[in-house]
Amino acid sequence: MSRPLGEIVDALGGTRHGSPDLLIERLAPVATAEQGDLAFVAQARYASQIETTAASVLIVPPALQAQALARGACIVSDDPYLYFARLTQWWRRQHDPAPTPFIDPSASIHPSAHLGEGVSVGPFAVIGADVHLDRGARVGAHVVLGAGARVGQDTVLHPRVTIGERCVLGERCTVHPGAVIGADGFGFAPHAGEWVKIEQLGTVRIGNDVDIGANTCIDRGALGDTVIEDGVKLDNLIQIGHNVRVGKHTAMAGCAAVAGSATIGAHCTIGGRASVLGHLTLADGVNVSALSVVTRSLLKPGHYTGFFPIDDNASWEKNAASLKQLNRMRERLKAVEQAMEHALKNNSTP
Amino acid sequence: MSRPLGEIVDALGGTRHGSPDLLIERLAPVATAEQGDLAFVAQARYASQIETTAASVLIVPPALQAQALARGACIVSDDPYLYFARLTQWWRRQHDPAPTPFIDPSASIHPSAHLGEGVSVGPFAVIGADVHLDRGARVGAHVVLGAGARVGQDTVLHPRVTIGERCVLGERCTVHPGAVIGADGFGFAPHAGEWVKIEQLGTVRIGNDVDIGANTCIDRGALGDTVIEDGVKLDNLIQIGHNVRVGKHTAMAGCAAVAGSATIGAHCTIGGRASVLGHLTLADGVNVSALSVVTRSLLKPGHYTGFFPIDDNASWEKNAASLKQLNRMRERLKAVEQAMEHALKNNSTP
Amino acid sequence: MSRPLGEIVDALGGTRHGSPDLLIERLAPVATAEQGDLAFVAQARYASQIETTAASVLIVPPALQAQALARGACIVSDDPYLYFARLTQWWRRQHDPAPTPFIDPSASIHPSAHLGEGVSVGPFAVIGADVHLDRGARVGAHVVLGAGARVGQDTVLHPRVTIGERCVLGERCTVHPGAVIGADGFGFAPHAGEWVKIEQLGTVRIGNDVDIGANTCIDRGALGDTVIEDGVKLDNLIQIGHNVRVGKHTAMAGCAAVAGSATIGAHCTIGGRASVLGHLTLADGVNVSALSVVTRSLLKPGHYTGFFPIDDNASWEKNAASLKQLNRMRERLKAVEQAMEHALKNNSTP
């Protein structure tokens with residue numbers, strides 16, 4: 001499974017310092033790399049790791065070249081992290097090439113479905129009426145595609161993904177196991193103490209180059225559609241409510257949630273388990289910290305946060321109890337300030 | 001796919017103002033409705049939208065009739081939102097009628113299972129021993145029903161739902177993809193630094209007209225059962241622990257969680273990602289805001305909330321740091337109040 | 001389904017007081033137990049339940065023996081809760097014995113897969129190339145095992161579990177429906193406003209006696225592996241990021257989440273919906289309360305907490321608004337303290 005250093009640099013560029021025949025056994029984090037490993041150091045503040053790592057080769061930026069050369073072989077690249085990302089892709093292609101297209105005979109494929117050239121369909125997949133799979137799409141085992149769903153070119157649906165009726169995915173998307181795209185949004189009208197279902201008549205439309213994590217749910221729209229634009233990256237166990245729109249290249253970490261009809265701009269980052277309440281708008285370039293709850297529209301780009309700090313339990317108990325008195329404390333503080341001011345006014349030496 | 005206005009009013013009632021032949025192309029939100037669309041305005045505070053919408057027909061309450069008539073066709077109804085909900089159901093039935101019952105030959109059905117009249121079973125569904133499907137039940141592709149499970153009349157299990165052994169669902173329920181009903185509750189006894197499994201011997205019992213969202217989990221009881229009463233609506237990615245009881249017509253939004261042995265009353269609303277700790281009791285009619293953590297029983301109906309407000313990150317950092325001093329601040333405030341009181345007592349002009 | 005008391009004590013030990021022929025119909029919680037039921041009272045503080053329960057037999061510690069005897073039959077055990085846990089296991093074995101091993105003919109099993117003695121494979125399971133199932137492993141319906149995955153002796157995969165390529169599970173593990181082990185971790189390098197995928201080349205390695213709840217996700221490592229050590233118990237809907245390590249016998253309640261590269265010690269408890277941010281270290285024996293967010297490494301064992309207390313909504317609104325002024329309040333408090341100090345210094349009777 002090893003590859004010579006020269007082959008890597010031929011494929012990915014950068015400046016090689018060291019023998020082209022040097023064999024790379026593994027890619028590894030710099031902190032735990034061993035002999036035979038290739039690792040990267042992206043920033044000057046990690047420069048001390050250059051001296052201590054056992055990696056055989058390092059990817060470094062120009063500013064760290066001298067330091068890296070002093071210890072051995074390296075690849076110099078303007079953006080070592082990006083170089084490393086591309087290297088992982090190349091490495092995977094070498095070791096785990098895409099399988100030959102194959103339609104598993106156990107799959108249930110409706111006669112009206114259209115399968116483009118080079119499409120793969122795994123065991124027990126269910127492909128409904130009028131489904132359209134563009135060329136090179138890969139449908140894993142146990143995937144269920146509802147009637148009229150469309151999957152773009154080279155999109156990969158890992159095992160056990162569910163795509164609802166008429167939902168559309170673009171090109172080069174990746175969807176991980178257990179994701180549910182196009183279940184009903186949560187819509188009910190209250191009536192006499194009960195709930196009357198509002199049928200969810202819209203769909204989900206997903207752009208190109210979108211990644212969707214395991215067990216993530218994206219609900220179909222009530223009337224219009226739920227829309228995920230190009231290049232969006234969603235981690236695992238995320239909930240996207242009906243009629244949400246997520247702008248291009250926005251990324252959300254695990255367990256994030258966006259309630260119905262919220263609009264998230266492009267190039268936003270939503271931290272793990274952050275929540276956005278319904279009907280809000282987030283501008284382009286908003287960064288929401290993990291665990292924070294967005295309760296109002298954020299119309300300016302920036303970094304927003306809100307969660308309770310952790311503490312030892314005894315301290316938390318005292319502070320949480322005081323918190324319930326906070327507004328009252330504010331009034332008491334004002335009173336004592338006024339008393340002080342009054343005293344000072346009446347008496348220059350109170 | 002269009003329908004004449006007259007046909008809608010014949011089916012659903014209300015007072016029609018406008019030609020019965022006027023064709024409705026789509027149902028749409030009032031804000032984005034176009035010509036050919038039918039939209040609703042439920043409340044006087046949205047009355048300004050009557051003037052600006054391009055919808056061809058509006059559903060309005062009597063109080064807005066004059067204003068709506070001034071711009072064109074309308075349906076007058078005492079409760080436009082309810083009217084609209086019923087219209088979505090009618091619209092779906094027109095455009096997407098329930099499929100003809102069909103038992104897919106690929107399904108794995110135990111010979112001892114009972115299938116009522118008009119039952120549907122999708123591809124690769126697995127129906128265990130002694131399962132009972134009442135008439136009209138619809139079992140989607142890849143659904144797994146454990147031994148002895150029972151599904152009531154006209155209940156719909158969407159693809160890839162798992163129902164554990166002996167669990168029971170009532171009539172007219174809807175369960176969305178990926179939901180897991182009747183996995184083991186989380187029960188372990190500590191012993192010598194390890195965990196000893198407490199087998200979960202109970203089941204899950206679900207009433208009539210219950211909706212369960214995608215990838216939601218409802219655990220089986222440890223000894224008694226976990227119970228979800230009639231008309232409960234659960235959104236996606238919700239966790240219901242073992243031996244929980246949820247009362248009639250309570251609704252929970254996405255990512256809510258209820259820990260083991262909690263009892264939730266009827267007609268409650270639990271907001272998105274709200275949490276209820278174990279063994280607590282919530283009275284009927286309790287409303288818990290999104291993201292709030294219920295840490296004590298709430299024995300009176302009312303609206304309860306608790307989460308950290310979001311802010312720009314710099315402000316949050318300062319306030320969160322101060323929060324850890326809050327109890328100390330309370331003591332300092334008390335001290336300065338006492339000093340002030342003492343000073344004022346000793347000196348009429350302090 | 002009943003069992004005589006004597007048979008239970010013969011199997012599980014403890015001291016029996018009462019006829020060996022007394023029939024036990026059910027195991028039940030002491031609070032709701034009825035005649036024919038066996039219940040336990042583990043601690044003196046629940047002793048009052050001994051008088052009020054209708055259970056036919058109680059499991060009690062030596063300290064409660066006299067009180068229990070005064071009302072009827074009992075089993076005396078040093079650790080009634082542990083006794084009860086083992087009793088639930090025995091009870092299940094009596095009533096629900098493990099099925100005879102069976103390879104369902106509908107399963108899709110790659111010819112290169114190795115199936116040990118006594119392995120079961122359910123309907124429509126998909127077993128990839130070079131998968132290794134040790135003796136007695138039970139693979140449920142619709143389970144998907146990626147190429148090269150390994151499952152240890154007597155491990156049970158419930159229906160609809162997904163195990164990614166090359167992931168490894170130890171012996172006697174239990175994995176509940178919908179769990180996804182070995183989906184890609186969330187890794188992307190930013191480049192020119194877009195995200196470049198970092199292929200996740202590692203795997204997941206899971207020890208012996210690990211339980212994994214429904215719809216829980218454990219991501220594969222980016223370079224190294226994600227590691228779950230022996231005896232770990234994970235509840236439902238948990239997210240474990242790439243390259244996380246969880247130490248032996250640590251338990252996490254429902255909806256907990258651990259971000260990438262965090263290291264959790266042994267014998268920790270992580271409460272429901274608690275979160276651990278990335279790259280942090282938790283020492284052995286750390287207990288994190290439900291809902292708390294671990295934002296820094298916790299290097300000492302102890303009990304840590306942090307979440308916003310719930311309140312009636314009106315109080316919350318006032319306190320949450322004041323919270324945004326908290327740092328300013330702290331400054332104001334300091335100012336009034338200094339003014340007071342100054343006044344007292346200048347004037348003995350201010």
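In the predicted model, Ile59(C) stands opposite Ile75(C) in β7(C). The two strands concerned, β6 (residues 57-60) and β7 (residues 73-76) of chain C, pair in the parallel sense over four bridges; strands are taken as paired if DSSP finds at least two bridges between them. Helices (H or I, at least four residues) and strands (E, at least two) are DSSP runs, numbered from the N terminus. Residues are numbered from 1 along each chain as its sequence is written, while chains are lettered from A and ligands numbered from 1 in the order in which they are written. Because the model is predicted, local features need pLDDT of at least 70 and side-chain atom pairs count only at pLDDT 80 or more, whereas totals for chains, interfaces and linings use all residues.

Strands β6 and β7 of chain C belong to an open sheet of five strands with mixed pairing, in the order β2-β7-β6-β5-β4. At its edges stand β2 (15-17) and β4 (26-27) of chain C; each has a single partner strand, so one side of each is left without a neighbour in the sheet. Helix α1 (residues 5-12) of chain C packs on this sheet and touches β2, β6 and β7 of chain C, its direction making about 165 degrees with that of β2(C). Contact here requires that the C-beta atoms of two residues, placed from the backbone, lie within 7 Å. Axes are lines fitted to C-alpha atoms, for helices over the stretch in contact, with angles running from 0 to 180 degrees between N-to-C directions.

In chain B, strand β5 (residues 37-40) directs Asp37(B) and Ala39(B) one way and Leu38(B) and Phe40(B) the other, and all are buried (20 or more other C-beta atoms within 10 Å of the residue's own, with C-beta atoms placed from the backbone; 12 or fewer count as exposed, and values in between as partly exposed). β5(B) pairs in the parallel sense with strand β4 (residues 26-27) of chain B over two bridges, and Arg26(B) stands opposite Asp37(B). With strand β6 (residues 57-60) of chain B, β5(B) forms three bridges, also in the parallel sense; in this pair Leu38(B) stands opposite Val57(B).

Between chains B and C, 64 residues of chain B are in contact with 60 residues of chain C. On the chain B side, α6(B) gives the most, with eight residues. By class, that side has 32 nonpolar, 24 polar and eight charged residues, where Ala, Val, Leu, Ile, Met, Phe, Trp, Tyr, Cys and Pro count as nonpolar, Asp, Glu, Lys and Arg as charged, and the others, Gly among them, as polar. β38(B) also pairs with strand β39 (residues 311-312) of chain C, in the antiparallel sense over two bridges, and Thr305(B) stands opposite Asp311(C).

Chain C can be laid on chain A with an RMSD of 0.1 Å by a turn of 120 degrees and a shift of 0.0 Å along the axis, superposed by least squares on the C-alpha atoms of residues with pLDDT of at least 70 in both copies. That is the relation of a three-fold axis.
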